[in-house]
Amino acid sequence: MQELETQIISSCQDAEGHCIVLEETIFYPTGGGQPHDLGSINGVPLIDVFEQDGVIFHVLPQPLEGKAFCVLDWNRRLDHMQQHSGQHLLSAVFEDEYGYRTESFHLGEEYCSIDIGTPSVSSQEKSAVETRANQVIFANLPLLTYTLSPKQHTSVPLRKIPDLEGDLRIVEIKGFDYSPCSGTHVKSTGQIGLVKIIRWEKYKGMTRVYFLCGDRALRDYGRKHEICTNLVGLLAVPETELHSRIALEIERRHELAGQVEALKAELIGYRAQEIVEQGNSPFFIEDSTASIEEAQQLARSILNLANGTVVIKIDQRLVLAHNQGKDLHLGQLIKEQAQPLGGRGGGSPTGAQVFFPDGAGLADFWSLLQTLLKSD
Ligand SMILES: [Zn+2]
């Protein structure tokens, strides 16, 4: 039923809103791993539906009384039914094929998962389970629900008899699976549409298997198809060759990165040569495009060709180096002269770095260096 006209028999207020009890209801309350239904009562949207001590409470943002016209959010319900029935099916196949029992079930907004009692699942097992589960969907077996009294519990091959005393509600995938369950289910397996295992991971000694059913699987297929189509267009290869082509492109990129590094090192050597030929120590160089490593490499290359001091400015950072014996200690120079001007950094006697968050401090230190180093 997607709509129902009934009576409000009581109401109360809690922190979440106004809790209404109906004479009878079409709204499923959170329980058994399945989230609650949504919809409206007299046009007022439901916030929550929960069960307490056998009473179902409908939470609304405002109070209501008298007659209640209930409308179920059918898309949400159908989605929950597809996922939940799909879970029974998948759990049944895992147990039938490999003896892996389902320990818990999660039905989330984005995906569903079951935790099965095995430390690992192979790709072959995953594929075999998926194939068999979808065959049962295509066979369109009816789902039956009925109640068994405690005496009848052993009359059907239940996978697990819960600790509950009293009557048990059974959801049967006809002749294939018998599970005690309070959830909502499709009428026959065909309505599940499709089941797809999307990934699995180790979880507390078990394996957590993530899957999608019905419309969720269709939307996932749509997204993935679009990604594939875009990549086929971008790389101009057939879909079957996408993986090998992308692997090849990544390998090629690594090769090129290595070549670029080698060329950069060569270029730095030429630059150092040019700088040494055109000037004398101290060498003051400004290069806003260099990385710190490149600046350090350039300083080393210059000092391989000449004696003296090198100062390289990259935006608000200075890289300093020298090869002039023990009189000049760059780390100390930074500490004593740059830090009072707001510079942050330090270094060894022959190599140092300093960063100025403030441009004025940098300008002051830059001109101080020109005086200090010239007098060497
Ligand atoms: Zn169930």
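Reader: What spacing do the donor residues of the zinc ion show in sequence?

Author: In this predicted model, the donor residues of the zinc ion follow the pattern H-x3-H-x92-C. His88 belongs to helix H1 (residues 74-98), while Cys181 sits in the loop between strand S12 (177-180) and strand S13 (195-203), so the pair ties together parts that are 93 residues apart in sequence.

Reader: What makes His84, His88 and Cys181 donors of the zinc ion?

Author: The atoms concerned are NE2 of His84, NE2 of His88 and SG of Cys181, lying 2.1 to 2.3 Å from the zinc ion. A donor is an N, O or S atom within 2.8 Å of the metal, so these atoms qualify.

Reader: Why is His88 called buried?

Author: The relative accessible area of His88 is 6%. Buried means under 20%, so the term applies to His88.

Reader: How do you know whether Cys181 is buried or exposed?

Author: Cys181 has a relative accessible area of 11%. This value is under 20%, and therefore Cys181 is buried.

Reader: What makes strand S5 and strand S6 a pair?

Author: Strand S5 (residues 48-52) and strand S6 (residues 55-60) are joined by five bridges and run antiparallel. Pairing requires at least two bridges, so the two strands pair. Glu51, for example, has Ile56 in S6 as its bridge partner. S5 and S6 form a hairpin with two residues between them, and Asp53 in the turn has a positive phi of about 50 degrees.

Reader: Into which domains is the chain divided?

Author: The division gives domain 1 (3-72), domain 2 (77-230) and domain 3 (275-374). Taken over C-alpha atoms, the centres of domain 1 and domain 3 are separated by 73 Å.

Key:
Residues numbered from 1 in each chain as written. Predicted model: local features only at pLDDT ≥ 70, side-chain atom pairs only at ≥ 80, totals over all residues. Heavy atoms only, no water. Donors = N, O, S within 2.8 Å, 3.2 Å for Na, K, Ca; no water. Helix = DSSP H or I, 4+ residues; strand = E, 2+ residues; numbered from the N terminus. Buried < 20%, exposed > 50% of the residue type's maximum accessible area, 1.4 Å probe, protein only. Domains from an automatic or database assignment.
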